[in-house]
Amino acid sequence: MGVSGCGKSTLGALLAQTLACPFLEGDDFHSADAVEKMRNGTPLTDEDRWPWLERLGSAIAGAKADNGVAVAACSALRKIYRDRLRTTIGGPVRFVMLDNDRDALLTRLGNRPGHYMPASLLDSQLATLERPLPDEGAMILTTDMPAETLRDRVLGALR
Ligand SMILES: Nc1ncnc2c1ncn2[C@@H]1O[C@H](COP(=O)(O)OP(=O)(O)OP(=O)(O)O)[C@@H](O)[C@H]1O
Ligand SMILES: O=C(O)[C@H](O)[C@@H](O)[C@H](O)[C@H](O)CO
């Protein structure tokens with residue numbers, strides 16, 4: 001979880017590869033209308049996000065049922081979004097929040113060609129973000145190190 005450009009897809013894909021389990025990319029579960037909205041620089045609302053979270057949560061539940069474990073990348077910016085995912089998935093869910101400073105995020109978004117998400121939406125993402133408090137048991141990592149190092153830290157904490 002985390003704002004656009006924090007490194008969710010990069011770390012998630014690597015974790016899933018190492019765990020030999022399915023990887024679910026949250027970006028793939030948005031409706032065409034939601035993608036168009038973001039492409040045009042308009043932030044999504046709660047109403048836009050509920051059906052997306054339902055679709056993604058159900059797919060994670062299915063992958064978990066089939067394989068025992070699954071990794072997903074999802075912004076999950078607000079606590080109520082994470083609660084909805086937990087409810088839809090059922091069973092144990094561990095969130096890893098990926099952090100970085102605004103300048104680093106803007107640079108990364110600017111260097112990422114071919115993605116619908118414009119860097120201009122970063123500030124709305126940062127404003128919407130509700131950082132997980134300790135009672136959520138999330139792991140918090142700054143993506144200022146190679147993805148392989150981040151992967152090893154996550155796997156070390158999960159053991
Ligand atoms: N640990 C890292 N070190 C250096 N660069 C990274 C790291 N993780 C990701 N990046 C780079 O930052 C950019 C954004 O990463 P990524 O697409 O994984 O973010 P994201 O959180 O999935 O974004 P979005 O939610 O917008 O899809 C990419 O160009 C990626 O190569
Ligand atoms: O909740 C949201 O606003 C969205 O999920 C965005 O975070 C994008 O999907 C993602 O960042 C794509 O780049």
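The model is predicted. The protein contains seven helices and four strands, which follow one another from the N terminus in the order α-β-α-α-β-α-β-α-α-β-α. For 159 residues, a compact globule would have a radius of gyration near 15 Å, and the protein agrees with this because its own value is 15 Å.

**Overall shape and packing**
- The C-alpha trace of the protein spans about 40 × 35 × 30 Å along its principal axes.
- Buried residues account for 30% of the 159 residues of the protein.
- When contacts between residues at least 6 apart in sequence are considered, 77% of them join residues at least 24 apart.

- In soluble globular proteins, nonpolar side chains tend to be buried together.
- Here the largest nonpolar core has 30 residues, and Leu56, Ile60, Ala72 and Cys74 are those with the most contacts inside it.
- At least two residues of this core come from each of helix 1, helix 3 (46–67), strand 2 (71–73), helix 4 (79–89), strand 3 (96–99) and helix 7.
- Ala72, with its neighbours within four places in sequence left aside, is in contact with Gly12, Leu24, Gly26, Leu56 and Ile60.

- The shell around ligand 1 comprises 18 residues, of which Ser4, Gly7, Lys8, Ser9 and Thr10 come nearest.
- Helix 1 (8–19) and helix 7 (147–158) each supply at least two residues of this shell, and helix 1 gives the most, with three residues.
- By class, six residues of the shell around ligand 1 are nonpolar, eight are polar and four are charged.

**Surroundings of ligand 2**
- Ligand 2 is surrounded by Ser4, Gly26, Asp27, His30, Leu44, Arg49, Ser75, Leu77, Met117 and Gln125.
- The shell around ligand 2 is made up of three nonpolar, five polar and two charged residues.

**Two alanines with positive phi**
- Most residues other than glycine have a negative phi.
- Ala20, in the loop between helix 1 and strand 1 (23–25), has a positive phi near 50 degrees.
- Ala20 counts as exposed because it has 8 C-beta neighbours inside 10 Å, where exposure requires 12 or fewer.
- Ala76, in the loop between strand 2 and helix 4, has a positive phi of about 40 degrees although it is not a glycine.
- Ala76 counts as buried because it has 27 C-beta neighbours inside 10 Å, where burial requires 20 or more.

Definitions and conventions:
Residues numbered from 1 in each chain as written. Chains lettered and ligands numbered in written order. Predicted model: local features only at pLDDT ≥ 70, side-chain atom pairs only at ≥ 80, totals over all residues. Near = placed C-beta within 6 Å. Nonpolar A, V, L, I, M, F, W, Y, C, P; charged D, E, K, R; others polar. Core = buried A, V, L, I, M, F, W, Y, C linked by C-beta atoms within 7 Å. Contact = placed C-beta atoms within 7 Å. Rg over C-alpha atoms; globule rule 2.2 N^0.38 Å.
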